[in-house]
Amino acid sequence: MRKVIGTTHFDEAFAYDGDDLGAVYTKESTKFRVWAPTADAVSLNLYKEGDGDNLLETIPMEADERGTWVCEKQGDLNGRYYTYSIRIDDAVNEAVDLYARSTGVNGNRGMILDLRSTDPEGFEEDVRPAFVNATDAVIYELHVRDLSSDPSSGIQNVGKFLGFTEKGTVNSQGIATGLDHMKDLGITHVQILPSYDYATVDESKLDTAQFNWGYDPKNYNVPEGSYSTDPYHGEVRVKEMKQMVQTLHENDIRVIMDVVYNHTFNTEESWFQKTVPDYYYRKSGDAYSNASGCGNETASERAMMRKFMIDSVVYWAEEYHIDGFRFDLMGVHDTETMMAIREALDKVDPSIMMYGEGWTSGDAAIESSLQATKNHIYQMDRVGAFSDDIRDGIRGNVFYPLDTGFVSGKEGLEERIKFSVVGATENQQVDLAANENSGNFWSRQPGQSINYASCHDNLTLWDKLTISNEGVSEEDRVKMNKLASAIVFTSQGVPFFQAGEEMLRTKPLQTEEGGVDENSYSAPDATNSLKWDNKGNVLDVYEYYKGLIAFRKAHGALRMTTAGEIQANLTFIDGLGENVVAYTIENSPNMEIAEEVLVIYNANKDKVSVPLPEGEWEIYINGEKAGCEALGTAAGSVEVDRISAMALTRGISENAKQTGETPQTDSHGGKSDSLVRNLWLCIGGVCLAVMGIFGYKRKRNNAGKETKR
Ligand code: CA
């Protein structure tokens, strides 16, 4: 049997497409169906609790259609736990249902659950904050523990989903932390590091110090128990994760899950392997292929793995109201599966975001032409990928700590930055040959390019700038950080940043030698936590990020939705000298208010003078500040400070004039005119925000080694 597993013949004979896999609960009875076509016998074990010696009953299951096994148990089983005993030849594997909706402590037994009883009050009325285009998103990447694990957070539910539900929390200086901080910052989406049930934190020892990012999946359809206030009672983690989503939604923040279907923590001991040996993993000869760098890789091209992934994301989207999915090592999956997921999520809500890492961490045992890598993003409508072009272009290569980037003085990166400004979409003004990182315009539409300078992987932006700029003053490194963020937030595409970047986050090693951690996947809280007390020390940086977000929200010109719009409206300004990139955007159909936007990035250690197109311009971003309040005016030319960005605007759009959405600026003159308009720009930005119009995974293998692609 093993020889034919994973072949198309096997799928033709056995693939099951029903929607009743798992434990289907009603108050009267629960029906079980498990797909195990290679089994000789299957039985259901019912337990009173999620762990311990309390087996209630073992019920033989009947062989049913297409390799599935079924049984039905009368009575109200809500709160009972279960496993399957799957006999294959002489071996009997006890496995948790792949479709289990919750588990006991450490995920070793599935739970039969009345899901409606887990809904927090008002959850039926919970709605996703309004959101249409991917380019309107501002994504904030955050680990559940990191939010609240430093005492300076002022959050009561340390390391828990419920930490996201606390309002009014402050640091020792009385400055907002947690939820209030995120809301004030203006993000539209929070991307939460893995929060399905993962293996490496012992949920029975939560009073001892433990930490893991969570890229070690155990139960894909179950929240992580250590993030709940009671991992022993499976209904608690379900309810508390829903409370997190509900509260974030009430505060106009959508929630994206980081999903890791590309591998499992264990291979031989995984529920996949114990249920249908060798079906869910790719092999290369006799060995498990290892494109994840974690010991195995799953086989999305097989019917039941593909179905599993589709069913899983749809379940999270429907049951927990999750608003987006970030696919870890998406290049391990095949494009057909990713498009099938897109289609399935569109039926739930087309505004649900999908993007991932367009690479693998080793060679995959599938034809490269089929892989959902960055080079194949072009084939996958509304599926995005992280842009390592902009990341490394801005800060330097993530694999070489000392390498610098555009903001830190590396020469010759102008075309790379231009490539990033257009969201990696086709553009004749960009010299592709000068961007050594990408041989093609890989993004079909800007919404497919996830633009960032830092994420959980590798050095934080601040640590990278520190390590790669020895002898450079802190003042200049802050300028570099501000320029980096200005590039991310003014580029076409989807801005994304690691939580705490706006507070110059660092990940200090907890050793006597000091230093910082570039792979903190299992480092202590003291390394990983957000240090809220630092917010007060770097408030100007925080305000800068907040201002960049507000400016982006106020100007549709920065959020164009098609490559064609960018080609038609964005014009690079030539002849400005080295290490300067500048462009104007005019006549964009998405421009609600301002008629024309001009953006300049000056990475030189001297100021530069940039000639301006005719007319008077208002400055909204400079090296010091960013936002919707004019910082001054300029005509003829403008001086751009050393290592800084500048953004200017002028005019009122034709659209706005026609719809009368702007104030009667004609009745005012001079400075007051612009002040009134500035006020409206800000109000407009806030309104639009409210309306919502608005690596490579370095795999954490045991050696902490990493590879790319
Ligand atoms: Ca767990």
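1. A residue is called partly exposed when its relative accessible area falls between the buried range, under 20%, and the exposed range, over 50%. Asp 381, with a relative accessible area of 40%, is therefore partly exposed. Arg 382 is also partly exposed, at 36% relative accessibility. The side chains of Asp 381 and Arg 382 meet in a salt bridge, with 3.6 Å from N to O. The model under discussion is a predicted one.

2. Salt bridges in general: the structure holds 41 of them. One joins Arg 128 to Asp 323 through their side chains, at 2.8 Å from N to O. These two residues come from distant parts of the chain, 195 residues apart. Arg 128 is in the loop between strand 9 (110-111) and strand 10 (139-142), while Asp 323 is in the loop between helix 6 and strand 17 (324-327). Both Arg 128 and Asp 323 are buried.

3. Another salt bridge is formed by Lys 546 and Asp 184, whose closest N and O atoms are 3.0 Å apart. Lys 546 belongs to helix 13 (residues 539-554) and Asp 184 to helix 3 (residues 178-185), so this pair ties together parts that are 362 residues apart in sequence. Are these two residues buried or partly exposed? Lys 546 has 25% relative accessibility and so counts as partly exposed. Asp 184 has 35% and also counts as partly exposed.

4. Salt bridges also link Arg 116, Asp 119, Lys 242 and Glu 319 in a network. Lys 242 has a further contact: its charged end sits over the ring of Tyr 320, 5.6 Å from the ring centre.

5. On aromatic pairs, a search of the whole structure finds 37. In the pair of Tyr 196 and Tyr 220, the ring centres are 6.0 Å apart and the planes stand at 40°, so the pair is tilted. Tyr 196 is in strand 12 (residues 196-198) and Tyr 220 in strand 13 (residues 217-223), and the pair links distant parts of the chain, 24 residues apart. Tyr 196 is buried, with a relative accessible area of 1%. Tyr 220 is buried too, with a relative accessible area of 6%.

6. A second pair to look at is that of Phe 272 and Phe 308, which is edge-to-face. The distance is 5.3 Å centre to centre, with 80° between the planes. Phe 272 lies in helix 5 (residues 271-275) and Phe 308 in helix 6 (residues 303-319), so far as the chain is concerned 36 residues apart. Phe 272 and Phe 308 are buried.

7. Which residues are the protein donors of the calcium ion? They are Asp 197 (OD), Tyr 198 (O), Glu 203 (OE) and Glu 224 (OE), and they lie 2.2 to 2.4 Å from the ion. Along the chain, the donors follow the spacing D-Y-x4-E-x20-E. Asp 197 counts as buried because its relative accessibility is 0%. Glu 203 is buried as well, with a relative accessible area of 2%.

8. On cysteines, a search of the whole structure finds zero disulfides. Cys 455 is in no disulfide, and the nearest cysteine sulfur, that of Cys 294, is 15 Å away. A disulfide would need the two sulfur atoms to be within 2.5 Å. Cys 455 is buried, with a relative accessible area of 6%. Cys 71 is buried at 12%.

9. The last point concerns strand 11 (residues 189-192), which is covered on both faces. His 189 and Gln 191 are on one side, Val 190 and Ile 192 on the other, and all are buried. Strand 11 pairs with strand 10 in the parallel sense over four bridges. Strand 11 also pairs with strand 14 (residues 254-259) in the parallel sense, over four bridges. Val 190 can be followed across these pairings: Tyr 140 stands opposite Val 190, and Val 190 stands opposite Val 255 in strand 14.

Terms used: Residues are numbered from 1 along each chain as its sequence is written. This is a predicted model: local features need pLDDT of at least 70, side-chain atom pairs count only at pLDDT 80 or more; totals for chains, interfaces and linings use all residues. Side-chain values use heavy atoms; hydrogens and water are left out. Rings of Phe, Tyr and Trp (its six-membered ring) pair if their centres lie within 6.5 Å; planes under 30 degrees apart count as stacked, over 60 as edge-to-face and the rest as tilted. Buried means under 20% relative accessible area, exposed over 50%, partly exposed in between (1.4 Å probe, protein chains only). A charge sits over a ring if NZ of Lys or CZ of Arg is within 6 Å of the ring centre and within 35 degrees of the ring normal. Donors are N, O and S atoms within 2.8 Å of the metal (3.2 Å for Na, K and Ca); water is not among the atoms, so sites may look incomplete. A salt bridge is a side-chain nitrogen of Lys or Arg within 4 Å of a carboxyl oxygen of Asp or Glu. Two strands pair if DSSP finds at least two bridges between them.
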